[in-house]
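Trainee: I would like to learn how to read a model like this one, feature by feature. Where do we begin?
Mentor: With the structure itself.

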Amino acid sequence: GKEAAPDSCLMASSTRSGRQPSVAKKAAAAPRQRSSSRSSSSRSPSPSAGRGIVAERHDLWTLCLALIVCHLVWHAPANRLVDSLLGIERLDLRQQPLGAIDAQPLVFLLPLVALAWHDMMHETSKRFLHAVPDKVLCYILRVAGGYGIVQVLAQDLGIKSGLNQRNLVQLPIVQFCLLWGGAYALTGRRSEGMIAALLYFVLQLNVSGGELSGVCFEEV
């Protein structure tokens with residue numbers, strides 16, 4: 001009976017010594033896990049933070065686009081307002097030599113230049129028609145671009161358009177969609193196609209003041 005006591009003491013001490021290292025290891029590993037979780041959380045931003053960054057990047061895009069649309073929709077009062085504020089005196093190009101350029105109204109291109117610069121620097125998606133899915137919008141633009149090509153080819157072939165068809169195509173919003181679709185079919189990017197179509201109408205309604213030429217090019 002006296003010899004069994006040392007063995008039991010050794011077993012108790014071994015069990016205690018076996019538990020202590022595991023507890024010490026767990027206690028030492030806990031700070032490492034907390035520090036790694038903190039570093040991982042600091043490295044990976046939350047989805048809400050990412051959405052905030054994207055929205056902040058596209059503020060300039062939205063502002064320039066809204067300004068250009070307002071200039072086009074209300075081009076007559078917008079032209080008078082900008083001309084009076086900046087002191088722009090437009091030339092009567094009908095009385096000038098053929099090929100003369102009125103340089104002062106080119107200031108209307110500045111919002112479009114800012115829009116193009118932002119589009120070039122930030123290649124992320126810039127959706128503003130959230131009700132229309134991307135696949136549907138791309139399909140509509142491709143069909144519109146294809147119809148624009150068909151319309152021009154039909155005119156070159158001498159195929160006459162219908163009266164209601166002509167009136168429909170001459171609506172400004174339809175013309176913009178056709179030009180946007182044609183540019184998108186060429187560039188493959190919706191934003192670049194839209195900027196190209198906006199450039200045409202800004203040159204026509206703002207830079208030229210809505211003064212239209214009898215034909216596209218007199219010398220052709």
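This is a predicted model: local features need pLDDT of at least 70, side-chain atom pairs count only at pLDDT 80 or more; totals for chains, interfaces and linings use all residues.

Trainee: Which residue forms a salt bridge with Arg 90?
Mentor: The general idea goes like this. Side chains of opposite charge can pair when their charged atoms come close. Here the partner is Asp 83, and the closest N and O atoms are 2.8 Å apart. Asp 83 is buried, at a relative accessible area of 13%.

Trainee: How many salt bridges does a search of the whole structure find?
Mentor: It finds four. Another one joins the side chains of Arg 94 and Glu 211, at 3.7 Å from N to O. This pair links distant parts of the chain, 117 residues apart. Arg 94 sits in the loop between helix 4 and helix 5, and Glu 211 in the segment after helix 9.

Trainee: Are Arg 94 and Glu 211 buried or exposed?
Mentor: Arg 94 counts as exposed because its relative accessibility is 58%. Glu 211 counts as exposed too, at 55%.

Trainee: Which elements are tied together by the salt bridge of Asp 134 and Arg 190?
Mentor: Their side chains meet at 3.4 Å, N to O. Asp 134 lies in helix 6 and Arg 190 in helix 9, so the pair ties together parts that are 56 residues apart in sequence. Asp 134 counts as partly exposed, with 33% relative accessibility.

Trainee: Let us step back to the fold. How many helices and strands are there?
Mentor: Nine helices and zero strands. From the N terminus on, the order is α-α-α-α-α-α-α-α-α.

Trainee: What share of the residues is buried?
Mentor: Of the 220 residues, 21% are buried. The protein exposes about 16,000 Å², and carbon and sulfur atoms supply 65% of that area. Look at contacts as well. Among those between residues at least 6 apart in sequence, 67% join residues at least 24 apart.

Trainee: How do I read a core?
Mentor: In soluble globular proteins, nonpolar side chains tend to be buried together. In this model, the largest nonpolar core has 25 residues, and Leu 115 and Leu 198 have the most contacts inside it. Helix 3 (59–73), helix 5, helix 6, helix 8 and helix 9 each supply at least two of its residues. The largest share, eight residues, comes from helix 9.

Trainee: Which residues does Leu 115 touch, beyond those up to four places away in sequence?
Mentor: Trp 61, Cys 64, Leu 65, Ile 68, Ile 195 and Leu 198.

Trainee: How do I read a single helix?
Mentor: An α-helix has 3.6 residues a turn, so residues three or four places apart point the same way. Helix 6 has 23 residues and reaches 33 Å from first to last C-alpha, close to the 33 Å expected at 1.5 Å a residue. Its buried residues are Leu 137, Cys 138, Leu 141, Ala 144, Gly 145, Gln 151 and Ala 154. They pack against helix 7, helix 8 and helix 9.

Trainee: Which residues form the nonpolar patch on the surface?
Mentor: Leu 60, Trp 117, Met 120 and Met 121, with about 430 Å² of accessible area together. Helix 5 gives the largest share, three residues. Met 120 lies in helix 5. Met 120 counts as exposed because its relative accessibility is 56%.

Trainee: Is His 71 buried or exposed?
Mentor: His 71 is buried, with a relative accessible area of 14%. His 71 is found in helix 3. Leaving out residues up to four places away in sequence, His 71 touches Ala 78, Val 82, Phe 108 and Asn 206.

Methods
Residues are numbered from 1 along each chain as its sequence is written. Side-chain values use heavy atoms; hydrogens and water are left out. Helices (H or I, at least four residues) and strands (E, at least two) are DSSP runs, numbered from the N terminus. Buried means under 20% relative accessible area, exposed over 50%, partly exposed in between (1.4 Å probe, protein chains only). Contact means heavy atoms within 4.5 Å. Accessible areas come from the Shrake-Rupley method with a 1.4 Å probe; for residues, only the protein chains shown count as cover. Patches are made of residues with over 30% relative accessible area and no salt bridge: like charges are joined within 9 Å, nonpolar side chains (Val, Leu, Ile, Met, Phe, Trp, Tyr) within 5 Å. A nonpolar core is a set of buried Ala, Val, Leu, Ile, Met, Phe, Trp, Tyr and Cys residues joined through side-chain atoms within 4.5 Å. The expected span of a helix is 1.5 Å times one less than its number of residues.
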